[in-house]
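Please examine the sequence and the three-dimensional model shown here. The paragraphs that follow lead through its charged pairs, its core, its aromatic rings and its surface.

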Amino acid sequence: IDDVLNQLAMASSGIPADAWGRVVVAYEPVWAIGEGASPCSSAETQRVLSALRGWLRAHAGEGAARDCRLVYTGSVNEGNADEYSRLPDVDGFVVGRAGLDARHLLAICGALARAAP
């Protein structure tokens, strides 16, 4: 997690306090990249995104933690989107190969819609 938090620290250094609502941070573990890749477990995804949100809260303020969108990208598909979309710190997805099929993309979008507060 230290590497991910260090990356966030470097990337966030020039972001004004009033701009966090226009910022999206995507988390994609290296082992979830490419064809045949394995997605991150939902528990690990939540652990990392929670750490990112906690870093934002501690270093950029409550507004940044609330307004910044944290998204998961790493082999999201119609079979796992429901599980990921229910995680407290997942605000959305970056969809790769699964989005090439409209039916799969619709199922992924439906998972997010069902999880919306």
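Eight salt bridges are present in the structure, a salt bridge being a side-chain nitrogen of Lys or Arg within 4 Å of a carboxyl oxygen of Asp or Glu. The model is a predicted one, in which local features need pLDDT of at least 70 and side-chain atom pairs count only at pLDDT 80 or more, while totals for chains, interfaces and linings use all residues. Residues are numbered from 1 along each chain as its sequence is written, and side-chain values use heavy atoms, with hydrogens and water left out.

One of these bridges joins the side chains of Asp91 and Arg53, with an N to O distance of 2.8 Å. This pair connects distant parts of the chain, since Asp91 lies in the loop between H4 and strand E3 (92-93) and Arg53 lies in helix H2, 38 residues apart. Helices (H or I, at least four residues) and strands (E, at least two) are DSSP runs, numbered from the N terminus. The two partners can also be described by their accessibility, where buried means under 20% relative accessible area, exposed means over 50%, and partly exposed lies in between (1.4 Å probe, protein chains only). Arg53 has a relative accessible area of 8% and is therefore buried, whereas Asp91, at 31%, is partly exposed.

Asp91 also meets the side chain of Arg69 in a salt bridge of 3.2 Å, N to O. Here too distant parts of the chain are linked: Asp91 in the loop between H4 and E3, and Arg69 in strand E2, 22 residues apart. Arg69 counts as partly exposed because its relative accessibility is 32%. Arg53, Arg69, Asp89 and Asp91 are linked in a network of salt bridges.

Another salt bridge brings together the side chains of Arg103 and Asp101 at 3.1 Å, N to O. Arg103 is exposed, with a relative accessible area of 64%, and Asp101 is partly exposed, with a value of 22%.

Attention now turns to the interior. A nonpolar core is a set of buried Ala, Val, Leu, Ile, Met, Phe, Trp, Tyr and Cys residues joined through side-chain atoms within 4.5 Å. The largest such core has 27 residues, and those with the most contacts inside it are Val25, Leu52, Leu56, Cys68, Leu70, Tyr72 and Phe93. Two or more residues are given to this core by each of helix H1 (2-12), strand E1 (24-27), helix H2 (42-59), helix H3 (62-67), strand E2 (69-72), helix H4 (81-85) and helix H5 (102-115). H2 gives the most, with five residues. Leu52 touches Val4, Leu5, Leu8, Val25 and Leu70, not counting residues up to four places away in sequence; contact here means heavy atoms within 4.5 Å.

Val24 is found in strand E1. Is Val24 buried or exposed? Val24 counts as exposed because its relative accessibility is 52%. Leaving aside residues up to four places away in sequence, Val24 touches Arg69 and Val71.

The aromatic rings come next. A search of the whole structure finds two aromatic pairs. Rings of Phe, Tyr and Trp (its six-membered ring) pair if their centres lie within 6.5 Å; planes under 30 degrees apart count as stacked, over 60 as edge-to-face and the rest as tilted. The rings of Tyr27 and Tyr72 form a tilted pair, because their centres are 6.3 Å apart and their planes stand at 45°. This pair links distant parts of the chain, with Tyr27 in strand E1 and Tyr72 in strand E2, 45 residues apart. The rings of Tyr72 and Tyr84 have their centres 4.7 Å apart and their planes at 25°, so this pair is stacked. Tyr72 in strand E2 and Tyr84 in helix H4 are twelve residues apart and likewise link distant parts of the chain. Tyr27 and Tyr72 are both buried, and Tyr84 is buried as well. Through these ring pairs, Tyr27, Tyr72 and Tyr84 are joined into a cluster.

Finally, Trp31 is placed in the loop between E1 and H2. Trp31 is partly exposed, with a relative accessible area of 46%.
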